[in-house]
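Welcome! Here is a short tour of the salt bridges in one protein model. Take a look at the structure first.

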Amino acid sequence: MADRIPAKTEVPAKFSHMARRQIQKIKIERKRLKEIQQLFEQVYAKTKDAETAIKEQVAICELPEERFIYSRQSYDGIELSEQKWWDIYGAFLQETGMTGVSYIGSVISLSRLLSGHFGQIDRLFAKVAGRRGKKRAAGLYAVFYHKGNYGTLSEMYTSILKQISHLGYHAVGDAYEEYLIDETAAKSEDAFVTKCIIKVEANEFLQK
C-alpha cells in the first residue's frame with residue numbers, strides 16, 4: 001500500500017495573513033500615538049512660550065531656519081470671522097493630510113503689513129519637522145507677544161512697527177502669527193496670547 005501524502009494545510013497561510021494584519025495595525029497605532037505625543041509636545045511648548053514671554057515689547061532675535069507647509073489657496077486678504085477661520089482651518093488640514101496638528105498660524109504679506117491692512121491674511125502655515133515643506137531662512141527677526149482678543153491685533157501691529165522703527169530696524173518679510181493661547185486653552189478672550197514674527201534688517205544709517 002502506497003504511503004499516503006498528508007494534505008497541504010492552510011493553517012500557516014492563515015497565521016501569516018493574521019500576522020501581517022496585526023503588524024499593519026501596530027504600525028497605524030504607533031503613528032497615531034506619535035501624533036498624539038507631538039500634539040501634547042506642541043501644546044506644552046506653546047503654553048510655556050506664552051507664560052515666559054515679555055508681552056507687548058519687540059525683541060530683535062536671531063532665529064534658526066524653520067520649515068513650514070503653506071496653504072495652496074491664497075485668501076487674498078480676506079478678513080476672518082470666527083466661523084470662516086474654522087472653515088479654512090479644517091480645509092487646510094484636509095489639504096495637507098496632517099492629522100493631530102495642534103496649531104496652524106496665519107501669514108500676512110509684507111505689502112499688506114506696510115499698507116496697514118493688518119486684519120487681512122494671505123495664507124495659512126503649519127510647522128513641520130525634517131525636510132518637508134519650505135524653508136523660512138535663519139536670520140534677524142522681530143518677535144512680539146500680544147495678550148488680548150483677536151479684535152486687538154490691529155493695535156498689535158501698529159505697536160510692532162513703531163517699536164521696530166524706534167529700535168533702528170525695518171520690516172523686510174511677511175508677518176507670521178502664532179496663536180499660543182486661544183479658545184482651546186483660555187476661558188476669556190482677553191487671555192489669548194498671539195506671537196508675531198517678522199523678518200527685519202537694520203536701517204542703513206546705523207550700518208555705516
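## How many salt bridges

The count comes to 6 salt bridges, each being a side-chain nitrogen of Lys or Arg within 4 Å of a carboxyl oxygen of Asp or Glu. This is a predicted model, where local features need pLDDT of at least 70, side-chain atom pairs count only at pLDDT 80 or more, and totals for chains, interfaces and linings use all residues. Residues are numbered from 1 along each chain as its sequence is written, and side-chain values use heavy atoms, leaving out hydrogens and water.

## A linked network

Let us begin with a group of four: a network of salt bridges links Glu 66, Lys 127, Arg 136 and Glu 178. Within it, Lys 127 pairs with Glu 178, their closest N and O atoms being 3.7 Å apart. Lys 127 lies in strand β6 and Glu 178 in strand β9 (residues 169-181), so this bridge ties together parts 51 residues apart in sequence. Strands here are DSSP runs (E, at least two residues) and helices are runs of H or I (at least four), numbered from the N terminus.

Lys 127 also forms a salt bridge with Glu 66, with 3.2 Å between the closest N and O atoms. Here strand β2 (residues 66-70) holds Glu 66 and strand β6 (residues 123-128) holds Lys 127, 61 residues apart.

Glu 178 is buried at 3% relative accessible area, while Glu 66 at 22% and Lys 127 at 28% are partly exposed. Buried means under 20%, exposed over 50%, and partly exposed in between (1.4 Å probe, protein chains only).

## Another pair

Asp 122 and Arg 112 meet in a salt bridge at 3.0 Å, N to O. Both residues, Asp 122 and Arg 112, are buried.
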